[in-house]
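User: I have a protein model open and some terms to sort out. Can we go through them one at a time?

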Amino acid sequence: MSWNSFFMHDLRRGLFRKRALVPAAQFFLLHFSFWLWARKLTEELTLGDFLFHLFSGVPALQKLNGESFHIPAIWMQIFACSLYLHLSYPISDLTKEGEQFLVRSGSRINWFLSKCGWCLCGSLFYYASAFISAWGMTLAIGGKVTLYCSPYLVMIKSELPMRQTVTAWDSVQALIILPLLTVTAVNFLQMVLSFWLRPVYGFLICVTVLTGAVLYPSPFLLGNGAMLLRSGLFFSEGGSAFHAEIAAMLVILLCVPAGALRFRKYDIIPLSGGMTL
């Protein structure tokens with residue numbers, strides 16, 4: 001059985017499900033609540049404002065100017081929801097039709113690489129839900145479809161002025177590339193961990209990594225690159241976007257061979273009676 005057969009099976013059973021509507025509903029509610037708050041502060045919102053709201057996070061601890069520190073609830077919710085939606089499918093597929101595919105094909109590598117394709121497509125779909133819902137909300141309220149962020153709204157969230165020279169490429173990196181890379185990297189990490197541990201433990205480890213990123217503003221720690229209030233693309237004292245991109249891509253690239261090597265020796269017999277989270 002070819003990789004394409006595995007991949008189409010994974011898209012059908014693992015991506016196009018009823019839960020696929022969850023991201024769209026989540027992001028619509030987040031965008032709507034942001035609009036209710038922001039319309040009192042500015043006359044015209046942009047697509048960039050909606051995306052900035054999702055991935056703003058919190059400033060680094062040393063830049064809080066004595067204010068109390070708080071966990072960025074919306075930012076954590078977005079990543080935790082993505083992890084939850086990608087939590088169980090790879091392992092659960094070994095207890096159903098996917099197990100029959102695997103036995104008939106005899107190719108564990110094709111099975112695992114197909115799951116990597118599923119994880120990548122799921123991450124793309126998840127971010128696309130955020131972007132498309134923000135785009136639709138911008139059109140609905142008569143805003144500007146541009147990645148430009150309103151400096152006044154950014155300053156309210158950060159209490160720091162934006163850089164004067166934020167280019168279009170800076171906005172693409174900050175609002176599209178880095179959040180997408182981070183979502184993909186944590187999903188890949190969780191998927192690979194599920195072949196060593198129970199899926200729920202992989203979920204908890206990834207949430208712990210993201211919490212660590214909130215506390216420690218290193219661009220090499222997954223999560224910081226997608227926290228825009230710490231981004232050097234928007235603020236002169238922010239972290240390196242390049243380093244954050246490299247860190248996320250390294251996690252993805254290392255997860256593929258690590259997971260493939262692990263799955264070659266993975267015992268699927270205990271799962272034949274059902275999956276345990």
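User: What is the accessible surface of the protein, and what percentage belongs to carbon and sulfur atoms?

Analyst: The accessible surface is about 12900 Å². Carbon and sulfur atoms account for 66% of that area. Keep in mind that this is a predicted model.

User: How many helices and strands does the protein have?

Analyst: There are 11 helices and 0 strands. Along the sequence, the pattern reads α-α-α-α-α-α-α-α-α-α-α.

User: Why is C206 called buried?

Analyst: Buried means under 20% relative accessible area. C206 has 1% relative accessibility, so C206 counts as buried. Across the protein, buried residues make up 51% of the 277 residues.

User: What makes S123 buried or exposed?

Analyst: The cut-off for buried is under 20%. S123 is at 0% relative accessibility, so S123 counts as buried. This serine lies in helix α7, residues 108–140. Leaving out residues up to four places away in sequence, S123 touches H86, L180, V183, T184 and N187.

User: Which residues touch the most other members of the largest nonpolar core?

Analyst: F112 and F234 do, in a core of 76 residues. Helix α9 (residues 168–193) gives the largest share of this core, 12 residues. Beyond four places in sequence, F234 has contacts that include F52, C149, M162 and L228. In soluble globular proteins, nonpolar side chains tend to be buried together.

User: Why is I246 called partly exposed?

Analyst: Partly exposed lies between the buried limit of 20% and the exposed limit of 50%. I246 has 31% relative accessibility, so I246 counts as partly exposed. I246 lies in helix α11, residues 241–264.

User: Which residues form a nonpolar patch on the surface with I246?

Analyst: F242, M249, L250, L253 and L254 form the patch with I246. Together these residues have about 590 Å² of accessible area.

User: What percentage of contacts between residues at least 6 apart in sequence join residues at least 24 apart?

Analyst: The value is 81%.

How values were computed: Residues numbered from 1 in each chain as written. Predicted model: local features only at pLDDT ≥ 70, side-chain atom pairs only at ≥ 80, totals over all residues. Heavy atoms only, no water. Helix = DSSP H or I, 4+ residues; strand = E, 2+ residues; numbered from the N terminus. Buried < 20%, exposed > 50% of the residue type's maximum accessible area, 1.4 Å probe, protein only. Contact = heavy atoms within 4.5 Å. Areas by Shrake-Rupley, 256 points an atom, 1.4 Å probe, with all protein chains shown as cover. Core = buried A, V, L, I, M, F, W, Y, C linked by side-chain atoms within 4.5 Å. Patch = residues over 30% accessible without salt bridge, like charges linked within 9 Å, V, L, I, M, F, W, Y side chains within 5 Å. Salt bridge = Lys/Arg side-chain N within 4 Å of Asp/Glu carboxyl O.
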